[in-house]
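Biologist: I would like to learn how to read aromatic contacts and surface features in a model. Please show me with an example.

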Amino acid sequence: AEEAARIRMEEEARLQAEEEAARLLAEKRAQSAAITKNLLTGAACLAALFTLVIGASIFNASQYFIKTSQDSIEIWKGAFSPRGQKHIISLPATAAPETLKDVYTRGEVLPIAFHFYLEKAKEEALRPGTPNFKAVEKLLKQAKSYASTPGEHKIIEVQLQNIEKTITTYKEEIKL
């Protein structure tokens, strides 16, 4: 009877040890699952924050700003950051648009710079005496860098071709 009682107690102790080991294993698995869930939640929050910052940066980079002074304007472009701007160009002796806005699109500000350089090229070409074709060509190329439509590109190409024809004709006449 003592031997049977001892065997029963050993068996009960073994069963209790197995139950305790199973409980500890279940606790470890639950902790591991909770840690994994917390890590995944943190990673998802970090990814969402990263997406918001990138989205805000892209949105800001597509915005343009006009800053005015007494007789000139400056064109600024949003930097690729959630906030911030970088200076694009200063246009002296240029009037600001009639209605000022906080933010402009590319299509609203680039024509201002395009027409500024196109007018400067016309002024240079119409100066008394022989026109400085290099200066006119340089101003037209600057205007071309701000052209935002195919029509504006075509205007510049035609003007540059006309300068080339004029220079060629002039050189041929001098060879007489």
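Biologist: How many aromatic pairs does the count come to?

Modeller: This is a predicted model, and the count comes to 2 aromatic pairs. In one of them, the rings of Phe116 and Tyr117 have centres 5.1 Å apart and planes at 80°. Planes over 60 degrees apart count as edge-to-face, so this pair is edge-to-face.

Biologist: Are Phe116 and Tyr117 buried or exposed?

Modeller: Buried means under 20% relative accessible area. Phe116 has 13% and is therefore buried; Tyr117 is buried as well, at 12%.

Biologist: What kind of pair do Tyr117 and Tyr146 form?

Modeller: Tyr117 and Tyr146 are stacked, with 6.0 Å from centre to centre and 5° between the planes. Tyr117 belongs to helix H2 (residues 106-125), while Tyr146 is in the loop between helix H3 (133-145) and helix H4 (150-174), so the pair ties together parts 29 residues apart in sequence. Tyr146 is buried, as is Tyr117. Phe116, Tyr117 and Tyr146 make up one aromatic cluster.

Biologist: Where does the charged end of Lys67 sit?

Modeller: The charged end of Lys67 is placed over the ring of Trp76, at 4.0 Å from the ring centre.

Biologist: Which residues make the nonpolar surface patch?

Modeller: Leu46, Leu49 and Val53 make that patch, with an area of about 280 Å². Val53 lies in helix H1 (residues 2-61). A patch residue needs over 30% relative accessible area; Val53 has 36% and is partly exposed.

Conventions: Residues are numbered from 1 along each chain as its sequence is written. This is a predicted model: local features need pLDDT of at least 70, side-chain atom pairs count only at pLDDT 80 or more; totals for chains, interfaces and linings use all residues. Side-chain values use heavy atoms; hydrogens and water are left out. Rings of Phe, Tyr and Trp (its six-membered ring) pair if their centres lie within 6.5 Å; planes under 30 degrees apart count as stacked, over 60 as edge-to-face and the rest as tilted. Buried means under 20% relative accessible area, exposed over 50%, partly exposed in between (1.4 Å probe, protein chains only). Helices (H or I, at least four residues) and strands (E, at least two) are DSSP runs, numbered from the N terminus. A charge sits over a ring if NZ of Lys or CZ of Arg is within 6 Å of the ring centre and within 35 degrees of the ring normal. Patches are made of residues with over 30% relative accessible area and no salt bridge: like charges are joined within 9 Å, nonpolar side chains (Val, Leu, Ile, Met, Phe, Trp, Tyr) within 5 Å. Accessible areas come from the Shrake-Rupley method with a 1.4 Å probe; for residues, only the protein chains shown count as cover. A salt bridge is a side-chain nitrogen of Lys or Arg within 4 Å of a carboxyl oxygen of Asp or Glu.
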